[in-house]
Amino acid sequence: MVGGKRRGQQWLPESAAAASRLASSPCQPSALQPSPSRGMEEASTGSDSDYSNSWISWFLSSKGNEYFCEVEEDYILDRFNLTGLNTEVQNYPHALDLITDNLDDDFQDELRGSLDVQARLLYGLIHARWIVTARGLSKMLEKFKKADFGRCPRVLCQSQPLLPSGLTDVPYEKSVKLYCGRCEDIYSPKSSRHGSIDGAYFGTSFPHLLFLVYPSLIPPKSGPTEIGRPAMGGAEEAAARRRLRQREELADGSGEGLGEGISTASAAMRADRYRPRIFGFQVNEVSKLQRWQEAVRDKQVSRLEAQENPP
C-alpha cells in the first residue's frame, strides 16, 4: 500500500517512520533499539503520508467521499449490526479485517486491489445502517447544518440544504441523489465524484427519518431557510446556477423543446415522481399531499389534451 507502512494494526505515516528511525540511532539506549529487520522495514516506507491511523480515516479523507460520516468502531465490531452482509460482499472476512485494521501483513499484494473494492462496498453498506441510528443521525445532522451535501438549485427553495438519498437499497443499481425537503424533489450531485457514489450506501429511508426524528428541521414551503443559510448572495447564486444549467442544456441540445410529435400532456404523464419512503412505507403526510398534487396534475393534463385535440 502507498502512503505509509502498516505495522501491527496501524498505518504509519512518514512522520512516524522518521521518528522510528531516530529511535534506532546508535546514541539511544540499546533497550530502545529495534531489530535490524524492523529498522529496514521502517526505512522502506513511502513518501506519501495520506494514510493516518486507520483505513476508515483514510477513506473519509479521500476525494469524493465527503458525503460519508465516520462509523464508530464499536458499531462495526458488533456482528449483530452486520447480519446478512456476508452474503453481499465477497471476501467478507478479509474486507472486514481491512476496515478494522486487523488484516495480516502477509496478505497477498496482488489481491489487495480487489479487496479494497470489497472493503469500500462493505463500509458503504454498514454506513447505510449506521446513519439511521440515533448516533448516526446526529453525525449526519451536523453535516446537513453545514450544507455539506449542497443546496437546492430551485430559486424558490432559497438555497435549502440537501440530504443524500438512495433510490434503492440494493447496491450497484442507482447512484446517490440529493433530496430537498422543501420542494420534495431529488437532484443529481454536481460533482462527478459524488455522482458515482452508490445510492445504497445511504439507503432510501435516511432523509425522511431525519426529518421524522428532528421535526423542527422540516423546512417551510415558503420564506427563507434557516438551516445552513449562506452568508450573502444566496438568491443570486441560485439564479446563476439556473442560468448555467440552461446554457448547458442548450449546448447539448436537451433544452430544444419537446420535439415534433410529442405533446405537452404526454410529456407530463411520462414524468416520474419521487415518493419518500421510510423502510419501504410511504410517509403519511407526504403521500396525502402527493395524491392531491397528482389529482391536480391529472386535471391539468386533461385541459392540455383538450386544447391540443379540439373536437
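Biologist: Which residues does Leu-122 touch, not counting residues up to four places away in sequence?
Modeller: On that count, Leu-122 touches Leu-85, Val-89, Tyr-92, Ala-95, Leu-96 and Ile-99 (contact: heavy atoms within 4.5 Å). This is a predicted model, where local features need pLDDT of at least 70 and side-chain atom pairs 80 or more, while totals for chains, interfaces and linings use all residues. Numbering runs from 1 along each chain as its sequence is written, and side-chain values use heavy atoms, without hydrogens or water.

Biologist: Is Ala-95 buried or exposed?
Modeller: Buried, with a relative accessible area of 0% (buried is under 20%, exposed over 50%, partly exposed in between, with a 1.4 Å probe and protein chains only). Leaving out residues up to four places away in sequence, Ala-95 touches Val-89, Leu-115, Gln-118, Ala-119 and Leu-122. There's also Ser-114, 19 residues along the chain from Ala-95, with 9.7 Å between the C-alpha atoms.

Biologist: How many residues does the largest nonpolar core have?
Modeller: It has 50 residues, and Trp-55, Ile-76, Ile-99, Leu-122, Tyr-123, Ile-126 and Phe-202 have the most contacts inside it (a core is buried Ala, Val, Leu, Ile, Met, Phe, Trp, Tyr and Cys joined through side-chain atoms within 4.5 Å).

Biologist: Which element gives the largest share of this core?
Modeller: That's α6, with eight residues.

Biologist: Switching to aromatics: how many pairs does a search of the whole structure find?
Modeller: Eleven aromatic pairs turn up (Phe, Tyr or six-membered Trp ring centres within 6.5 Å; planes under 30 degrees apart are stacked, over 60 edge-to-face, the rest tilted). Take Trp-55 and Phe-59: their ring centres are 5.2 Å apart and their planes lie at 10 degrees, so that pair is stacked. Both residues are in helix α3 (residues 55-61), four residues apart, about one turn of the helix.

Biologist: And are Trp-55 and Phe-59 buried or exposed?
Modeller: Trp-55 is buried at 0% relative accessibility, and Phe-59 is buried at 3%. Phe-59 pairs with Phe-68 as well, edge-to-face, at 5.3 Å centre to centre and 65 degrees between the planes. Phe-68 is buried too, at 5%.

Biologist: Which residues form the one aromatic cluster?
Modeller: Trp-55, Trp-58, Phe-59, Tyr-67, Phe-68, Tyr-123, Phe-149, Tyr-201 and Phe-202 make up that cluster.

Biologist: New topic, backbone. What is phi of Ser-159?
Modeller: Phi of Ser-159 is near 60 degrees, positive in a non-glycine residue. Ser-159 lies in the loop between α7 and β3 (163-165), and it is buried at 2% relative accessibility. Tyr-172 isn't a glycine either, and has a positive phi of about 65 degrees. Tyr-172 is in the loop between β3 and β4 and is exposed, with a relative accessible area of 56%.

Biologist: How do β3 and β4 run?
Modeller: Antiparallel, joined by three bridges, with Ser-165 partnering Lys-177 in β4. Lys-177 and Tyr-179 point one way from β4, Leu-178 and Cys-180 the other way, and all are buried.

Biologist: What does Cys-180 stand opposite?
Modeller: Asp-185 in β5. In the hairpin of β4 and β5, Glu-184 has a positive phi near 55 degrees.

Note on methods. Helices (H or I, at least four residues) and strands (E, at least two) are DSSP runs, numbered from the N terminus. Two strands pair if DSSP finds at least two bridges between them.
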